[in-house]
Amino acid sequence: MMDFWAKGLENHRKEKIKKLALLISLLIILITIIVLIIVYIFNIQFRNWCDKHILGKEILQEDTREIEIDGDENPQVYAFDKYICLFRRKTIEFYNKVGTKVGEIETNINNAKFASAGRYLAICEQDGKEFYLIDGKEKVYENEVDGTISQINVSRSGFVSVVLSNNSYKSIVSVYNKEGKEIFKTNLVTSRVVDVSISQDSQYLAIAEVDISGILTKSTIQIVSIELAQTKPAEAIVYKYEVPEGKLIINVEYQEKQKLICMYNDSIEVLQEQKSSELVGFENRKTTFMTIELNNRIAILEEKTTGEYTSDTYVNIINPENKREIQYITNGVVKSLHTSNKRIAINTGSELHIISTNGFLVKKYISSTEINDIVMTDSLVGVIYRDKIQIINL
């Protein structure tokens, strides 16, 4: 009987030891993972090594799918949602992530200008009269305006804004709902529209304009209520921001929570609830590229000399909500910058660094020849050469 109880206690003790050993092993694994994550975040050399050798983020040109094109045709290339589009011979052709043609739409357009948001694509004739709204691969409507189109914009809800001019006005801004009905129009006699943006919830339209009729150039931003434009047009302009003298408005972009990001000649500011505050100034910065066309982020590229003939490029990504800034560093000089909602593509000529708005590398593409141009969405990138487009899936 004594042997039986002794054996039971021994088994119980062994079981406890096994559980303790398992717990210790799990804790060691957890601590190791946490340490590796911290080192990955803060140690650039270790992060680069992991990205290449463990996470497989580096890809070669020959490892990607391609779309063949005729360089002599000089087709226009655009990307939106999950498609790469070729525009040639008045036709939009849609290609998926593996380079297969999945649809096409015929138009009356010769020289196209594009804008997109979510699944919507707006396309117009540059300096022409016709424009189209497309949902996925299907045409929603086509329309014709009385004037010459210089800009087009579309929201995630399918509202389209068109900037045009005629003999009577410097600029005219018209807004159409997703059925193609015009719901708002404003005529600017002395001002020229620089840019327009529709808020993500399609409640507001921002019109950035510059008046050069006086001695001093004057910039103004009008905020239009799209709802009031449909019900009480006379009350549609709910706010007009007079930009301080000496500042020239260049670009505007609505981001989350109805924040209007405004790019000026000397700074980037956020206009919200009728108050403007500076996010970053350009003074004392060797800025090469900048963009506000991201989802709740802005990006500024700075070139910093590292030697007599060498330099690095710092990608500064700023959150307009809290002004927190993070950096991504790449060797060499950046030749072009491209963005989608949550992705930033940095072209150095033979390399393409695609990073997230959190500052981490998503893909590094190594090209065997010089990269001509890039189109991108959050889910894919098209690297354009004279006779083909290489597709990078993200």
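# Notebook: cysteines, rings and cores

**Entry 1: cysteines.** I began with cysteine 124, which is buried, with a relative accessible area of 0%. The model I am reading is predicted. I also looked up cysteine 262, and it counts as buried because its relative accessibility is 0%, and buried means under 20%. Next I searched the whole structure for disulfides and found zero. For cysteine 124, the nearest cysteine sulfur belongs to cysteine 85 and is 15 Å away.

**Entry 2: aromatic pairs.** How many aromatic pairs does a search of the whole structure find? I got seven. I took tyrosine 83 and phenylalanine 94 from my notes. Their ring centres are 5.9 Å apart and their planes stand at 75°, so this pair is edge-to-face. Planes over 60 degrees apart count that way. Tyrosine 83 is in strand β4 (residues 83-88) and phenylalanine 94 is in strand β5 (residues 91-95), so the pair ties together parts eleven residues apart in sequence. I checked burial too: both tyrosine 83 and phenylalanine 94 are buried.

Then I turned to phenylalanine 131 and tyrosine 176. Their aromatic pair is tilted, with 5.1 Å centre to centre and 55° between the planes. Phenylalanine 131 belongs to strand β9 (residues 130-135) and tyrosine 176 to strand β13 (residues 171-176), so here the parts tied together are 45 residues apart in sequence. Phenylalanine 131 is buried, at a relative accessible area of 0%. Tyrosine 176 counts as buried as well, at 6% relative accessibility. I also noted one aromatic cluster, formed by Tyr78, Phe87 and Phe114.

**Entry 3: lysines over rings.** Which tyrosine has lysine 247 over its face? I found tyrosine 264, with lysine 247 at 4.8 Å from the ring centre. Lysine 304 lies over the face of tyrosine 314, at 4.4 Å from the ring centre.

**Entry 4: nonpolar cores.** I looked up the largest nonpolar core and counted 17 residues. Phe131, Ile152, Val154, Val160 and Val162 have the most contacts inside it. At least two residues of this core come from each of β7 (112-117), β8 (120-125), β9, β11 (148-154), β12 (160-165) and β13. Setting aside residues up to four places away in sequence, isoleucine 152 touches several residues, including Phe114, Cys124, Phe131, Val160 and Val162.

**Entry 5: the loop between β1 and β2.** Aspartate 63 sits in the loop between β1 (58-60) and β2 (65-68). Threonine 64 has its place in the loop between β1 and β2 as well. Are these two buried or exposed? Aspartate 63 is exposed, with a relative accessible area of 55%, whereas threonine 64 counts as buried at 14%.

Aspartate 63 and tyrosine 365 are 302 residues apart along the chain, and I read 9.7 Å between their C-alpha atoms. What does the side chain of threonine 64 make a polar contact with? I found the side chain of glutamine 390, at 2.8 Å. A polar atom of the threonine 64 side chain also lies 2.8 Å from the backbone oxygen of glutamine 61. Leaving aside neighbours within four places in sequence, threonine 64 is in contact with Ile59, Tyr365, Gln390, Ile391 and Ile392.

Notes. Residues are numbered from 1 along each chain as its sequence is written. This is a predicted model: local features need pLDDT of at least 70, side-chain atom pairs count only at pLDDT 80 or more; totals for chains, interfaces and linings use all residues. Side-chain values use heavy atoms; hydrogens and water are left out. Rings of Phe, Tyr and Trp (its six-membered ring) pair if their centres lie within 6.5 Å; planes under 30 degrees apart count as stacked, over 60 as edge-to-face and the rest as tilted. Helices (H or I, at least four residues) and strands (E, at least two) are DSSP runs, numbered from the N terminus. Buried means under 20% relative accessible area, exposed over 50%, partly exposed in between (1.4 Å probe, protein chains only). A charge sits over a ring if NZ of Lys or CZ of Arg is within 6 Å of the ring centre and within 35 degrees of the ring normal. A nonpolar core is a set of buried Ala, Val, Leu, Ile, Met, Phe, Trp, Tyr and Cys residues joined through side-chain atoms within 4.5 Å. Contact means heavy atoms within 4.5 Å. A disulfide is a pair of cysteine sulfur atoms within 2.5 Å. A polar contact is a pair of N or O atoms within 3.5 Å; within protein, one must be able to donate a hydrogen and the other to accept it, and residues adjacent in sequence count only if both atoms are side-chain atoms.
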